[in-house]
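Have the viewer open as you read.

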Amino acid sequence: MNWTKIMECVPNFSEGRDLQKIDQIVSPFRARTGVKLLDYSNDEDHNRLVVTVVGDPDALKEAVIEAIGIAVDLIDLNHHQGQHPRMGAVDVVPFIPIKGCTMDDAIAISKEVGERVATSYNLPVFLYEKSASAPHRENLAVIRKGEFEGMAEKIHQPEWHPDFGPEERHPTAGTVAIGARMPLVAYNINLNTPSLEIAHDIAKKIRFIGGGLRYCKAMGVELKDRGITQVSMNLTDYSKTAIYRAFEMVRFEAKRYGVSIIGSEIVGLVPMEALIDTASYYLGLENFSMQQVLEAQIME
């Protein structure tokens, strides 16, 4: 990738089970000039697909718009069930500046994509995070509250009219949140209990809105096929709320229920610095810095 400008996008689609549909949704990111598909992962319990793609801003923009159109055609949320909250066939589309781009560039591209998908697919669009048109629209969880079903009424409230598109929920594809943000870490911790109530209680205690970690959003999720539950998190600023801190707080809170951590996972890609920070903590490294990481030196 010799691009002078690199923008990242991590669109989330409400389909994690039908592999044929997943392949169609991901197809606009494959073998396309100016775009590189880095990763995509689907989760059947969450019934969700997370794609990580980078590219030249203009080429990336066109690929994302095409993928959104495919998802709108293929996904009917009237028949969708999954553990992850969702309000749209394409639930959220964040743009993240990586190289030669600023946050203002990411905000601009998010607004352009939002306007075009609203016009092309008759899809209501909410701008969120750094692109938000009002403070109460910055938090994705607040926008998404009520999900697909509740949005049929919510969208008619004056404070929840979409930024682009019709003031009516799309009958099958719902609504979408599009915005700009810095990189986050999608991190899940598995618990050796089938009790969703326990997972919810732990999530409430560790997330910021419940008095927990400042840059942590969390919820409890049931993994039915495995007979366990999960605390599913987004760490929105890994430099201030580290992965190891989230792990230890979940373990601390789980003890009161006699529950243990049996594993964890990172969804999608993760910045190297976030992993090095966690490794440094558990190894007790003194005065360690990213400059001592071989790959970091090579990439400079």
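A quick word on terms: strands (E, at least two residues) and helices (H or I, at least four) are DSSP runs, numbered from the N terminus, and two strands pair if DSSP finds at least two bridges between them.

This is a predicted model, where local features need pLDDT of at least 70, side-chain atom pairs count only at pLDDT 80 or more, and totals for chains, interfaces and linings use all residues. Residues are numbered from 1 along each chain as its sequence is written, and side-chain values use heavy atoms, leaving out hydrogens and water.

Zooming out, four strands make an open, antiparallel sheet in the order β9-β10-β8-β11. β9 (216-223) and β11 (261-267) are the edge strands with a single partner each, so one side of each has no neighbour in the sheet. From one strand to the next, the twist averages 20°.

Helix α7 (residues 243-254) lies across β8, β10 and β11, at about 25° to β8. Angles run from 0 to 180 degrees between N-to-C directions, using axes fitted to C-alpha atoms (for helices, over the stretch in contact), with contact meaning heavy atoms within 4.5 Å.

Now the cysteines. With a disulfide defined as two cysteine sulfur atoms within 2.5 Å, the count is zero.

| Cysteine | Nearest cysteine sulfur |
|---|---|
| C9 | C101, 13 Å |
| C101 | C9, 13 Å |

Buried means under 20% relative accessible area, exposed over 50%, and partly exposed in between (1.4 Å probe, protein chains only). C9 counts as buried at 0% relative accessibility, and C101 counts as buried at 15%.
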